[in-house]
Amino acid sequence: MEEEEPQEQERLSHQQRLKAAVHYTVGCLCEEVATDKEIQFSKQTIAAISELTFRQCENFAKDLEMFARHAKRSTINMDDVKLLARRSNSLLKYITEKSEEIAQFNQEQKAKKKKKLENGNRDSRESAEEEVVESEH
């Protein structure tokens with residue numbers, strides 16, 4: 001029981017820091033909107049938006065965990081995120097586009113690595129062949 005208390009305190013500390021980060025970000029976004037639209041947001045409004053945002057993120061996290069667990073996985077993947085976004089066509093479209101961009105980038109990186117390895121192996125073989133030729137002379 002005594003071991004659980006420090007863990008619980010640490011969890012609450014993380015949660016407080018996350019809430020503070022969300023509140024700060026919401027405040028910055030509200031400031032941008034206020035400047036752009038020439039309106040004001042009260043501190044209570046910013047706090048309410050922050051709390052709603054934090055709770056929604058918690059719900060998203062739980063849903064993503066459940067989707068992965070239902071698929072008998074321990075890791076959340078892009079399909080889980082797409083499933084979460086399925087009710088918002090614009091969000092789903094955006095996530096799908098970004099997913100495709102990431103997949104394309106990863107393929108390009110793999111191809112570069114493979115080419116670099118192949119060139120490295122060829123260079124190593126050529127160096128070894130040159131050494132053999134030099135040692136024969």
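## Glu-38 and the H1–H2 loop

Because its relative accessibility is 75%, Glu-38 counts as exposed (over 50%; buried means under 20% and partly exposed in between, with a 1.4 Å probe and protein chains only). Glu-38 is placed in the loop between H1 and H2, where helices are DSSP runs of H or I with at least four residues, numbered from the N terminus. Its phi is near 55°, a positive value in a residue other than glycine. Most residues other than glycine have a negative phi.

## Basis of the model

This is a predicted model, in which local features need pLDDT of at least 70 and side-chain atom pairs count only at pLDDT 80 or more, while totals for chains, interfaces and linings use all residues. Residues are numbered from 1 along each chain as its sequence is written, and side-chain values use heavy atoms, with hydrogens and water left out.

The protein has a mean pLDDT (the predictor's confidence in each residue, from 0 to 100) of 89, and 86% of its residues reach 70 or more. Confidence is highest in H2, at a mean of 97, and lowest in helix H4 (residues 89-136), at 82.

## Packing of H1 against H2

The axes of H1 and helix H2 (residues 43-70) come within 9 Å and cross at roughly 125°. Axes are lines fitted to C-alpha atoms, for helices over the stretch in contact, and angles run from 0 to 180 degrees between N-to-C directions. H1 and H2 are therefore oblique to each other, a class left over once angles under 35 degrees (roughly parallel), over 145 (roughly antiparallel) and 65 to 115 (roughly perpendicular) are set aside.

On the H1 side, the contact (heavy atoms within 4.5 Å) is made by residues including Leu-18, Val-22, Val-26 and Cys-30; on the H2 side, Ile-46, Ile-49 and Phe-54 are among them. The residues of this contact divide into eight nonpolar, five polar and three charged. Ala, Val, Leu, Ile, Met, Phe, Trp, Tyr, Cys and Pro count as nonpolar, Asp, Glu, Lys and Arg as charged, and the others, Gly among them, as polar.

## Leu-29 in H1

Leu-29 lies in helix H1 (residues 4-37) and, at 48% relative accessibility, counts as partly exposed. Its C-alpha atom is separated by 9.6 Å from that of Ile-46, 17 residues apart along the chain.

Lys-72 is found in the loop between H2 and helix H3 (78-84). Although Lys-72 is not a glycine, its phi is positive, at about 60°. With 76% relative accessibility, Lys-72 counts as exposed.

Methods:
Helix = DSSP H or I, 4+ residues; strand = E, 2+ residues; numbered from the N terminus.
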